[in-house]
Amino acid sequence: MTSRVVLVSPAMSRSLRQARFDDGGSIEEAGAARARAAAGSLPAAARVVTSASVRCRETAAALGLDGEDAPGLAPLDVGRWRGLTLDEVGAAEPEALAHWLTDPASTPHGGESVEGFCDRVARWLETAGERDERTLAVVEPEVVRGIVVRALGLPTAAFWRLDVPPLTATELSGRAGRWNLGLGRPLGGTP
């Protein structure tokens, strides 16, 4: 049995452009147009799911996908930092931000640790890996990073070293918890 999981990052939004912790804003019109142009470029999937964020739902809709929310793929809970830019947090709480960026177990914002987040999305991947089918998931960039970290057995600190561009597909295939990885194919591009 081979499971396939395709993780699609959302189209560009104001929050992504400004390095802002998700504030619930919509994708930009240019990003929506790019997603509409890429509709049909993804492989057929038995199951389509999305992160519960506005930008992931809007990206899925622009891609012509009808997906259900997957609670295990919710964005990283950054507590009181939600809606702020990295620069704003750095100016107000420089030590807390530095600690958060270097210690995956820390939660200075009152939300979820990067370590706990990676564990959560890895549990979702385990469940998806039990299916002999393709699952397509439109998810936040941090979800892609967390899944890749756990799927490849990387140290959690590697989470901050992975960049996930908008509207790219990261593909995992495997059996019994052993995953192979195809990185960041632009949507609408050739495989």
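Predicted model: local features only at pLDDT ≥ 70, side-chain atom pairs only at ≥ 80, totals over all residues.
Two strands pair if DSSP finds at least two bridges between them. Strand E1 (residues 3-8) and strand E5 run antiparallel, and six bridges join them. To find your place along this pairing, look at Leu 7, whose bridge partner in E5 is Thr 170. Strand E5 itself spans residues 168-175, and because six of its eight residues are buried, it is largely enclosed by the rest of the structure. As you follow it, keep in mind that in a regular strand the side chains alternate between the two faces of the sheet.

Now let us turn to the aromatic rings. A pair of aromatic rings is described by the distance of the centres and the angle of the planes. With a limit of 6.5 Å between ring centres, the count comes to six aromatic pairs. Take Phe 21 and Trp 100: their ring centres lie 5.7 Å apart and their planes meet at 65 degrees, so this pair is edge-to-face. Phe 21 sits in the loop between helix H1 (14-17) and helix H2 (29-38), while Trp 100 belongs to helix H5 (residues 94-102), so to speak of this pair is to speak of a link between distant parts of the chain, 79 residues apart. Both partners are shielded: Phe 21 counts as buried at 13% relative accessibility, and Trp 100 counts as buried at 2%.

Which arrangement do the rings of Phe 159 and Trp 160 adopt? Their centres are 5.0 Å apart and their planes stand at 90 degrees, so this pair is edge-to-face. Here the surroundings of the two residues need separate mention: Phe 159 is buried, at 0% relative accessibility, whereas Trp 160 is partly exposed, with a relative accessible area of 29%. Phe 159 has a further neighbour in Arg 145, which lies over the face of the ring at 4.5 Å from its centre. Stepping back, ring pairs link Phe 21, Trp 81, Trp 100, Phe 117, Phe 159 and Trp 160 into a cluster.

Finally, what about the cysteines? A search of the whole structure finds zero disulfides. A disulfide needs two cysteine sulfur atoms within 2.5 Å. The closest cysteine sulfur to that of Cys 56 is in Cys 118, and because it is 16 Å away, it is too far for a bond. Cys 56 is buried, at 0% relative accessibility, and Cys 118 also counts as buried, at 0%.

Conventions: Residues numbered from 1 in each chain as written. Heavy atoms only, no water. Phe/Tyr/Trp six-rings, centres within 6.5 Å; stacked < 30°, edge-to-face > 60°. Helix = DSSP H or I, 4+ residues; strand = E, 2+ residues; numbered from the N terminus. Buried < 20%, exposed > 50% of the residue type's maximum accessible area, 1.4 Å probe, protein only. Lys NZ or Arg CZ within 6 Å of the ring centre and 35° of its normal.
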